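Here is a short note on the model. Please read the points with the structure open.

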Amino acid sequence: MSRLVRPAPLNKRLVALDGRATKPGMVWLVGAGPGDPDLLTIKAARVIGQADVIVHDGLVSSEILDLAPAAARLIDVAKRKSRHTLPQDDINQLLVALANQGLTVVRLKGGDPFVFGRGGEELAACRAAGLDCQVVPGVTAALAASASAGAPLTHRGAAQSVTFVTGHAAHGEPDLDWPALARPNQTVVIYMGLTTAGLIAERLTAAGRAPSTPALIVVNASRADEQRLPTTLGQLAETAADLSGPALLMVGEAMRLAQASEIPDAVLVRVSA
Ligand SMILES: C[S@@+](CC[C@H](N)C(=O)[O-])C[C@H]1O[C@@H](n2cnc3c(N)ncnc32)[C@H](O)[C@@H]1O
């Protein structure tokens, strides 16, 4: 079970009269990977184990948070698409304020901090405050999804390149280079695209990508409740319709190799009954 609220550790560090520690702490921007704790890097586990305080978002699993020292304080700044628990500027200021108290701060983010993770903004805020800030990469969701589906992101004769894009539509629709994404022989991975799947499929087909192009949706990649749904670009919206949870849309000829999730025995029994 996750220990979401913990008391702040007793801070035995020397603190100057203005409330700042005489020796500033530091900030680690750490990628927690896609969810499976086994996909955490050894370096990430080591850094988490040395934290005074962990500032984490909603996609970090409880098994990973449990690697923090018992005395470490856990702060959840969970971000959801339409519900920002803490605005990004406040998160930046929080990291700086905690490090200025002399603490070792671990900013733990789902996947990789620099892939749609706003890690660059946090790094810039720490640098502007004169703080030491180090980045530990993480396994981004696309790598976990492709691995468990057995569908390579690049594949000789099917995908010479891979592009990661966001399907998040801040101004009505995602601002993407559709003609470039519609070229064949490449894989396009769309993060945060579940709710805009219909629009994305429409734009890609209008720009020339065949509706028969193989596609794959992976929900909760690497977690116990992972779902893999092979489909086609033409069927993407329909396949996405009732899904929820963190999901990736993957489009490209190499997705032909994708394996669907195994259907649990219980479901088979129900269907055949
Ligand atoms: C704000 S982005 C963060 C991406 C993260 N930094 C990464 O490198 O994976 C959140 C989106 O990443 C994708 N995502 C994150 N974890 C996922 C998972 N376990 N399975 C499928 N998609 C995931 C989803 O598209 C989700 O909406």
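1. Shell composition. By class, the shell around the ligand has 13 nonpolar, seven polar and three charged residues. Ala, Val, Leu, Ile, Met, Phe, Trp, Tyr, Cys and Pro count as nonpolar; Asp, Glu, Lys and Arg count as charged; the others, Gly among them, are polar.

2. Basis. This is a predicted model: local features need pLDDT of at least 70, side-chain atom pairs count only at pLDDT 80 or more, and totals for chains, interfaces and linings use all residues. Numbering starts from 1 along each chain as its sequence is written.

3. Shell members. The ligand is surrounded by 23 residues, and the closest are G111, T140, A141, A221 and P246. A residue is near if its C-beta atom, placed from the backbone, lies within 6 Å of the molecule. The elements giving two or more residues to this shell are α5 (141-149) and β12 (247-251). Helices (H or I, at least four residues) and strands (E, at least two) are DSSP runs, numbered from the N terminus.

4. Ligand position. The ligand lies between domain 1 (26-136) and domain 2 (141-257), because both give residues to the shell. Those bounds come from an automatic or database domain assignment.

5. A helix contact. Q88, I91, N92, L95 and V96 in α3 meet E121, E122, A125 and C126 in α4. Contact means C-beta atoms, placed from the backbone, within 7 Å. By class, this contact has five nonpolar, two polar and two charged residues.

Key. Two residues are in contact if their C-beta atoms, placed from the backbone, lie within 7 Å.
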